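Walk through this structure one piece at a time. Begin with single residues, then step back to whole chains and the contact that joins them.

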Amino acid sequence: MKAARIALLAILVIVPASGVLQTARAQDPVRRPVQDFVPPAAGSYRLPPIQDAGNGWVLEGNYFPRRLARYTHDAYTLLTFVYTYCSDPVGCPLAYSTLDAVKNGVVADQRLRGKVRLVCLSFDPTHDTPGAMQTYGGLNIRDTRVPWHFLTTYSMTTLAPILDGYGQDIEVVHDASGKATRARTHMLKMFLIDRQSRVREIYSAAFLQPEVILNDLRTLAMEDAAMQAR
Amino acid sequence: MNTLTRRVATAGLLALLLIATVRTATADETCNSPYTARLIKGQEQFLHVWVLGVKGMGDGSDKLVTVDSDPKSKDYGKVIHTVSVGGRGEAHHMGFTDDRRYLWAGRLDDNKIFVFDVGSDPAKPALVRTIDNFESSSGYVGPHTFYATPGRVMIQGLSNSKDHGGVTGIAVYSNAGEFVAKYDMPTGKSAIGTGDGYGYDIGINPAKNVMLTSSFTGWTNYMMDLGTLIKDPEAMKNFGSTMALWDFKAMKPTQVFEVPGAPLEIRWNLAGGADWAITATALTSKLWLIKQDKDGKWQAKAVADIGDPSKIPLPVDISITADGKGLWVNTFMDGKTRYFDMTNPESPKQTYEIVSGKQVNMVSQSWDGKRVYLTSSLLANWDKKGADDEQFLRAYDWDGKQLTRKFELDFYALKLGRAHHMKFSAKPAQVAAADRAR
């Protein structure tokens, strides 16, 4: 048992977690949006608050209820909705891949290190149990350099108000006989939330560019630094 | 379940999952924001028409009229639903939210914005919200273009509350209807050019992170009787003559182009990474191309006349084909619908025209370009008078050579009012996902 722990520790230390994940997800069909421009410099633009971050009851790792609000304040949070078996090349795999790239950027940037949190919340509480979400998160859950939380909910009843709060659409796909399938239709959205739980940017598939997101994170960090300096 | 059966079932499920998830569209029925989802690539089932009420006609109120546009339906070509919003405030344009669940419709006179739920049952849109703080929150007047961005709607104003002239800006609202921010159009001489402050349409190219805006005229002019306006030389000076290029992410103008004669609708061609945009100037009757030169600098240049500019045919709405190789252009004064071959955008060629009405304004086409819809009203005080004041929705099939009329609705005979902007919708089963995202 002790040997197993040492082996696991060795893996965590020697191999960057995101690298392992990227290898494991190398087969994922991800289609990134074209970025044929140099993003504006961090701090050269504003990110006006769009709305308050939504709240509700969520689960992480077990069935103990937690408020989503605990994951959306006191850090710059990137939150997105996923389901673990989504295979859309411009859907959940793109969101995961983008967060992975952002994570690497955060790790490499001293201005952002320790200030950013990533959150994936499942669309499908029926199939994406707390355990399934932990499996989905893999080693990213244990990588403390950038906290990455993989959440789900008890049921659609508890999920629905959260989705409404964020304006995130979701529809269950029915087969020809009218029977509900596991498939979901949704518009990929990722929410950038500031330390005061305000949504400051919303990205969709056409604008999900890690370089842009990293500059947005830096813009918020610079804004906070300027506020503190006053 | 044996292994083969399991594999087949798994493959089927994966295929289902692959086609199920909605993607962001490159363009939506060829002219909407690239951030709009649920592209209708098949048959549009419903046509929503934003209608100006006419005093003494029906209930006299502005209204959203829904028409069945599915040829297989028993109600094909009929009005199946109306929602009156109360009063008359110069109903004009509409736009979907990014998720296409809601349709925002504006009025240029009283600045009210009506939000309709078209996602729950597109056959029966329901008014769910009225936004009445556009002027007080932004200082702008005349909410014209409604342009979806993720979680937000950008609203291009036409005027301002101080002098009702053409200097204006863009207001941003959350999808929930809350004011978020405002951005003034560029004015005065600076390193980026000389801005006149006017606004009209918005067009974004996400891959290039650029936004184009165009320019029209202020409240004083667009609420004036057209005959009076044309005879007023001073008033005729108050039209926009610029387009602005913006860094969309930063929401900062970076370049101002001189485009004389009120450049109106903006249509990006994103097919194949072509990355050019086209607009038509109302007063000078020309097509203008906005494109990067060999050094990567954006340039605007006139590339074609629309009809005989000396006769002021007044180009109004334009509609680009999904592949960017064709462009419909309506000219209000001569009531013509024209088709331009855009294979070489540097030199568009008109290949077809018909007189489609005594007056014609908006044109919308299906994604496959096989169906074209026209409406008649420009502005309440600019529409023609007497027998020339036809108010219609006309639906056509396009075979690449000619338009064939499929149905017509006389909006006066139906006591509905003046037919203006159109948007398509379909029930979820009819909605196809976009095939790519940029």
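His164(B) counts as partly exposed, because 16 C-beta neighbours lie inside 10 Å. The model is a predicted one. His164(B) sits in a loop of chain B, between strand 11 (159-160) and strand 12 (169-174). The backbone at His164(B) has a positive phi of about 60°, although His164(B) is not a glycine. Most residues other than glycine have a negative phi.

Arg100(B) also has a positive phi, here about 65°, and is not a glycine. The loop that holds Arg100(B) runs between strand 4 (91-96) and strand 5 (102-107) of chain B. Is Arg100(B) buried or exposed? Arg100(B) is buried, because 26 other C-beta atoms lie within 10 Å; the cut-off for a buried residue is 20 or more.

Now take Val54(B). Val54(B) is found in the loop between strand 1 (46-52) and strand 2 (63-68) of chain B. Val54(B) is buried, with 21 other C-beta atoms within 10 Å. Which residues does Val54(B) contact, leaving aside neighbours within four places in sequence? They are Gly60(B), Gly417(B) and Arg418(B). Another pairing to look at is Val54(B) with Gly87(B). These two are 33 residues apart in sequence and 9.5 Å apart in space, C-alpha to C-alpha.

Thr213(B) belongs to a strand. That strand is strand 17 (residues 210-213) of chain B. Thr213(B) counts as buried, because 29 C-beta neighbours lie inside 10 Å. Residues up to four places away in sequence are not counted in what follows. Thr213(B) touches Gln156(B), Met185(B), Gly199(B), Asp201(B), Ile202(B), Met243(B), Ala244(B) and Trp246(B), not counting residues up to four places away in sequence. Thr97(B) is 116 residues from Thr213(B) in sequence, and their C-alpha atoms are 19 Å apart in space.

Leu226(B) lies in a helix, helix 4 (residues 226-230) of chain B. With 19 C-beta neighbours inside 10 Å, Leu226(B) counts as partly exposed. The cut-off explains the label: a buried residue needs 20 or more. Leaving aside neighbours within four places in sequence, Leu226(B) is in contact with Asn381(B) and Trp382(B). How far apart in space are Leu226(B) and Asp383(B), C-alpha to C-alpha? The distance is 7.8 Å, across 157 residues of sequence.

Step back to the whole of chain B. Chain B has five helices and 32 strands. The radius of gyration of chain B is 21 Å, close to the 22 Å that the globule rule gives for 438 residues, so chain B is as compact as a globular protein of that length. The C-alpha trace of chain B spans about 80 × 55 × 45 Å along its principal axes. Of the 438 residues in chain B, 56% are buried. Take the contacts in chain B between residues at least 6 apart in sequence: 53% of them join residues at least 24 apart.

Turn to chain A. Its secondary structure comes to six helices and 10 strands in chain A. Buried residues make up 43% of the 230 residues in chain A. Among contacts in chain A between residues at least 6 apart in sequence, 71% join residues at least 24 apart.

Two helices of chain A pack against each other. They are helix 3 (residues 92-107) and helix 6 (residues 210-229) of chain A, whose axes come within 9 Å and cross at roughly 50°. Helix 3 and helix 6 of chain A are therefore oblique to each other. Their crossing, helix 3 with helix 6 of chain A, is right-handed. Which residues meet there? From helix 3 of chain A come Thr98(A), Ala101(A), Val102(A) and Gly105(A); from helix 6 of chain A come Pro210(A), Ile213(A) and Leu214(A). The residues of this contact divide into five nonpolar, two polar and no charged.

Last comes the contact between the chains. It takes 36 residues from chain B and 37 residues from chain A. On the side of chain B that touches chain A, the elements that give two or more residues are helix 1 (3-20) and strand 13 (179-184) of chain B. Helix 1 of chain B gives the most to that side, with five residues. The residues of the side of chain B that touches chain A divide into 19 nonpolar, six polar and 11 charged.

Note on methods: Residues numbered from 1 in each chain as written. Chains lettered and ligands numbered in written order. Predicted model: local features only at pLDDT ≥ 70, side-chain atom pairs only at ≥ 80, totals over all residues. Helix = DSSP H or I, 4+ residues; strand = E, 2+ residues; numbered from the N terminus. Rg over C-alpha atoms; globule rule 2.2 N^0.38 Å. Buried ≥ 20, exposed ≤ 12 C-beta atoms within 10 Å, placed from the backbone. Contact = placed C-beta atoms within 7 Å. Axes fitted to C-alpha atoms, helices over the stretch in contact; angles between N-to-C directions. Parallel < 35°, antiparallel > 145°, perpendicular 65-115°, else oblique. Left-handed = near helix turned anticlockwise from the far one by under 90°. Nonpolar A, V, L, I, M, F, W, Y, C, P; charged D, E, K, R; others polar.
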